[in-house]
Amino acid sequence: MSAIADLLAALPIPIIQAPMLGASSPDMAVAVSDAGAMGTLAATAHRPDALEAEIAAMKVRTAGPFGVNLLVARQVTASGEVLAAARARLAPWYAELGLPEPDVPNDFTGHIPEQVAAIARARPAAASFAFDVPTPAEVAQLKAAGVPIIGTATTVAEARAWASLGADAVCAQGFEAGGHRGHFLAETEASLVGTMALVPAVRAAVDLPVIAAGGIMDGAGVAAALALGAAAVQMGTAFLLADEALVSAPWRHAIETAADDPTRLTSAITGRHARGIETRFMRELRPFEGEMPPYPVQNRLTQPLRVAAAKAANTDVLSLWAGQGVRLARHGPAGDLVRQFWAEAQDTAKALAARVGG
């Protein structure tokens with residue numbers, strides 16, 4: 001078996017905490033790893049030097065394995081016309097919150113090469129990526145450092161692309177998942193495959209361990225994904241109400257009081273389609289979905305709005321990222337949640353065995 005296959009097989013609890021930028025925390029990742037599963041540090045917002053230091057600090061705090069995730073968004077441009085239209089659409093929202101109109105962002109460059117180098121030096125248990133693939137040179141750098149690579153795929157074609165690049169495992173992200181979509185080969189609509197269909201299809205297409213993600217909220221979901229042949233499951237929305245989550249008070253309240261089937265996909269907030277609890281901002285900007293500047297341009301333009309809205313407890317404008325199973329989210333320490341999920345999965349497996357005559 002490969003190093004990542006060995007790692008996943010050795011996990012006492014085959015659950016990976018999803019890297020939820022803005023919602024998960026190093027404390028959450030440490031708690032999950034300490035419980036026998038695998039935490040993940042959402043590292044996109046970390047500067048390279050701070051990232052290396054954070055990984056080193058987490059290694060001191062937990063003996064369990066944890067991964068580090070990057071959202072691969074490199075140099076992005078938007079024309080003056082697109083930026084002007086975007087600012088005009090947002091002007092009423094800025095006025096509503098008593099804010100001056102947003103400045104024109106002038107730097108959309110990330111720090112991917114430097115962040116990859118920092119991860120290679122710090123050597124976490126794995127490096128995972130979404131939105132796009134790293135360069136061959138970045139892949140070689142991580143492999144030389146012995147850091148396994150997990151690629152996010154929303155389609156079979158994307159899983160094959162990761163396999164061709166040399167990834168060690170594929171995280172199959174179903175359309176049920178909360179937060180940003182990880183697609184990179186086809187447009188959003190063509191990349192909305194459900195977890196139950198995606199996992200076995202990816203398993204049949206690539207000879208790599210497959211991690212199931214999307215809509216898994218409890219032990220029954222864990223058992224179902226493992227029954228489909230997943231080597232592990234990745235859970236994000238299930239941890240949004242954990243004690244260690246960084247969600248704001250209005251975001252938390254929206255999760256706790258969510259109606260039936262409350263989530264929708266939108267690109268209005270960041271420029272890339274993401275799933276969250278529907279807000280007035282999402283509804284009113286839906287007619288302009290095809291006109292948004294790309295991520296992270298739109299994300300920069302709306303960020304001051306969201307900061308002000310959080311302070312004002314105004315959920316009309318917030319990014320309330322959450323998956324389709326959000327009503328099943330529960331409170332508690334992240335480590336306790338992991339142990340609860342696994343106990344439920346074991347009970348489910350026993351009940352299923354009895355049902356099928358095993």
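Contact means heavy atoms within 4.5 Å. This is a predicted model; local features need pLDDT of at least 70, side-chain atom pairs count only at pLDDT 80 or more, and totals for chains, interfaces and linings use all residues. Residues are numbered from 1 along each chain as its sequence is written, and side-chain values use heavy atoms, with hydrogens and water left out.

**View 1. Ile4 and its contacts.** Ile4 sits in helix H1 (residues 3–10). Helices (H or I, at least four residues) and strands (E, at least two) are DSSP runs, numbered from the N terminus. Ile4 has a relative accessible area of 0%, so it is buried. Buried means under 20% relative accessible area, exposed over 50%, partly exposed in between (1.4 Å probe, protein chains only). Beyond neighbours within four places in sequence, Ile4 contacts Ala126, Pro148, Ile150, Asp168, Ala169 and Pro209.

**View 2. The largest nonpolar core.** A nonpolar core is a set of buried Ala, Val, Leu, Ile, Met, Phe, Trp, Tyr and Cys residues joined through side-chain atoms within 4.5 Å. The largest has 98 residues; Ile119, Phe129, Leu142, Met235, Phe239 and Phe281 have the most contacts inside it. Helix H5 (residues 112–122) supplies the largest share of this core, six residues. Apart from this core lies another, of 13 residues, including Ile16, Met38, Ile150 and Ala169.

**View 3. Helix H13.** H13 covers residues 334–356. Its buried residues are Ala334, Gly335, Leu337, Val338, Phe341 and Ala345. Their cover includes strand S1 (15–17), helix H2 (26–34), helix H9 (219–227) and strand S9 (232–235). Just after H13, Gly357 takes a positive phi of about 85 degrees.

Notes: Expected span 1.5 Å × (residues − 1).
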